[in-house]
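Subject: Structure handover

Hello,

The structure you asked for is below, and my notes on it follow. Please read them with the model open beside you.

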Amino acid sequence: MKFLQRLGSYPIHLLFMFIIGGLSTLCAASGAVYWLITRNVESQLYMIASATVALFGWGMYGLQWKLPLHRMYAQRLAPTVIFAVMALISLYDPIGLELLWVAIVFFPIMLSLMVERRAYAYGSLLFLLYFAAFHWLSTDFRGSGNAFPILDTIAKNAYAIGSVLLGALIQLTVRKSKRDAETASLQKQKQQVINMLQSFIPVGERKTQTSRKEIGEMSALLKKLVHVYGGVSVQEWEIDLLSLMHFVSRVKLPDYLFEKEGKLSEFEYEVVHEHCYMARELCEGIPDFQEVERTFLYHHEKIDGTGYPYRLVGAQVPVLSQMLGIVEMYLAMTTPRSYRVENSKQEAFLEIQKHSGTSFRADIVEAFGKVIR
């Protein structure tokens with residue numbers, strides 16, 4: 001069982017050479033036994049042909065094992081050699097098999113499992129040209145007008161075309177399976193991030209002495225602001241995740257900072273910067289989280305360049321980051337704290353307006369004013 005599992009982890013082009021080498025070795029061994037019994041020419045040719053294919057197969061297996069598997073030529077070497085061997089055997093036909101063309105027909109199916117789409121298209125075209133030329137030239141159309149050789153060639157080429165189409169279908173199926181597997185893996189990653197953030201909600205409530213209701217309030221305000229402002233490409237689940245992450249990111253900060261009044265020290269200011277990197281730490285490498293990562297990283301940037309962590313200026317600050325920054329400031333002022341009373345909606349918005357054109361874009365501040373009316 002372990003051997004099969006290990007074999008299944010090999011690249012497909014290595015597996016093909018392993019199978020070809022193994023099967024042809026068995027054929028060569030049986031041919032040798034048959035030759036020892038009969039001592040005829042047919043068994044001898046069968047043994048020699050099988051042994052030759054076995055040597056090719058194991059030789060290519062060993063060569064590809066040494067080659068870097070990520071290189072394109074390493075992956076295309078196997079199908080090239082398989083095609084060359086098939087072509088030589090079909091031309092030479094050492095054991096006189098009239099139905100050898102049936103084995104050649106399976107080449108596109110093998111090819112579809114070993115190479116990418118473009119290489120498969122070129123390989124299939126080469127195969128069809130060879131197959132058509134081989135059977136057209138090997139068929140005798142002269143005689144008394146007998147149509148059977150023509151029908152035989154047409155039928156064989158139809159099988160070849162069918163094999164190419166089947167190979168294309170296999171490629172489509174394999175690509176779809178890979179996409180489905182990648183989608184499922186990304187979905188699992190997303191859920192793991194969300195579950196981890198949710199597990200920290202009680203910690204965030206204890207540290208900040210606030211309620212998780214703030215997550216829903218921030219999400220609702222952001223969604224309304226996005227709708228009123230317009231032109232922002234963001235999905236609702238991304239806004240929900242941003243709101244959740246913003247609440248939980250506070251667990252990175254020391255407890256005393258949430259009750260401290262007055263200006264932060266330089267060291268404390270640097271510590272506060274750290275929570276901006278939480279999205280990058282959690283979401284890096286997950287394609288669906290790129291917008292969340294970017295928005296959260298820059299939500300404390302100001303258009304006049306005095307923000308953090310990168311001191312971006314003007315249009316460098318993403319619109320959604322500006323929106324998150326405004327909503328954060330609004331909720332911070334309108335949510336009661338142990339060391340102060342909350343401001344009214346009007347007072348909070350007046351304070352935000354003071355930062356219009358410096359910290360925040362004026363058009364976003366104006367849109368937010370419409371949201372809280």
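Arg-39 sits in the loop between helix H2 (12-38) and helix H3 (41-66). Helices here are DSSP runs of H or I with at least four residues, and they are numbered from the N terminus. Arg-39 is not a glycine, yet its phi is positive, at about 55°. The model is a predicted one, in which local features need pLDDT of at least 70 and side-chain atom pairs count only at pLDDT 80 or more, while totals for chains, interfaces and linings use all residues. Residues are numbered from 1 along each chain as its sequence is written, and side-chain values use heavy atoms, with hydrogens and water left out.

The peptide bond that joins Tyr-308 and Pro-309 is cis, with omega about 10°. As background, most residues other than glycine have a negative phi, and most peptide bonds are trans.

The axes of helix H14 (residues 290-297) and H15 come within 8 Å and cross at roughly 55°. Axes are lines fitted to C-alpha atoms, for helices over the stretch in contact, and the angles run from 0 to 180 degrees between N-to-C directions. H14 and H15 are therefore oblique to each other; angles under 35 degrees count as roughly parallel, over 145 as roughly antiparallel, 65 to 115 as roughly perpendicular and the rest as oblique. From H14, the contact uses Glu-291, Arg-294, Thr-295 and Phe-296; from H15, it uses Leu-320, Ser-321 and Leu-324. Contact means heavy atoms within 4.5 Å. By class, the residues of the contact of H14 with H15 are three nonpolar, two polar and two charged. Ala, Val, Leu, Ile, Met, Phe, Trp, Tyr, Cys and Pro count as nonpolar, Asp, Glu, Lys and Arg as charged, and the others, Gly among them, as polar.

Helix H15 (residues 319-334) also packs against helix H16 (residues 345-354), at an angle of about 140° and with the axes 9 Å apart. H15 and H16 are therefore oblique, and H15 passes H16 in a right-handed crossing. Ile-326, Met-329, Tyr-330, Met-333 and Thr-334 of H15 meet Lys-345, Ala-348, Glu-351 and Ile-352 of H16. Six of the residues in the contact of H15 with H16 are nonpolar, one is polar and two are charged.

Which backbone oxygen does the side chain of Thr-334 reach? That of Tyr-330, at 2.9 Å. Leaving aside neighbours within four places in sequence, Thr-334 is in contact with Glu-342, Asn-343, Ser-344, Lys-345 and Ala-348.

H16 packs in turn with helix H17 (residues 362-371), at about 170° and with axes 10 Å apart. H16 and H17 are therefore roughly antiparallel. Here Phe-349, Ile-352 and Gln-353 of H16 meet Val-365, Phe-368 and Gly-369 of H17. The contact of H16 with H17 has four nonpolar, two polar and no charged residues.

Two items come from elsewhere in the chain. Ile-194, in helix H8 (residues 148-199), is 50 residues from Leu-244 in sequence but 8.4 Å from Leu-244 in space, C-alpha to C-alpha. Beyond four places in sequence, Ile-194 is in contact with Leu-241 and Leu-244.

The whole structure has six aromatic pairs. One of them is Phe-127 with Phe-131, a tilted pair, 5.5 Å centre to centre with 40° between the planes. Rings of Phe, Tyr and Trp (its six-membered ring) pair if their centres lie within 6.5 Å; planes under 30 degrees apart count as stacked, over 60 as edge-to-face and the rest as tilted. Both residues of this pair lie in helix H7 (residues 117-138), four residues apart, about one turn of the helix.

Regards

Methods
Helix = DSSP H or I, 4+ residues; strand = E, 2+ residues; numbered from the N terminus. Left-handed = near helix turned anticlockwise from the far one by under 90°. Polar contact = N/O pair within 3.5 Å; in protein donor to acceptor, adjacent residues only side chain to side chain.
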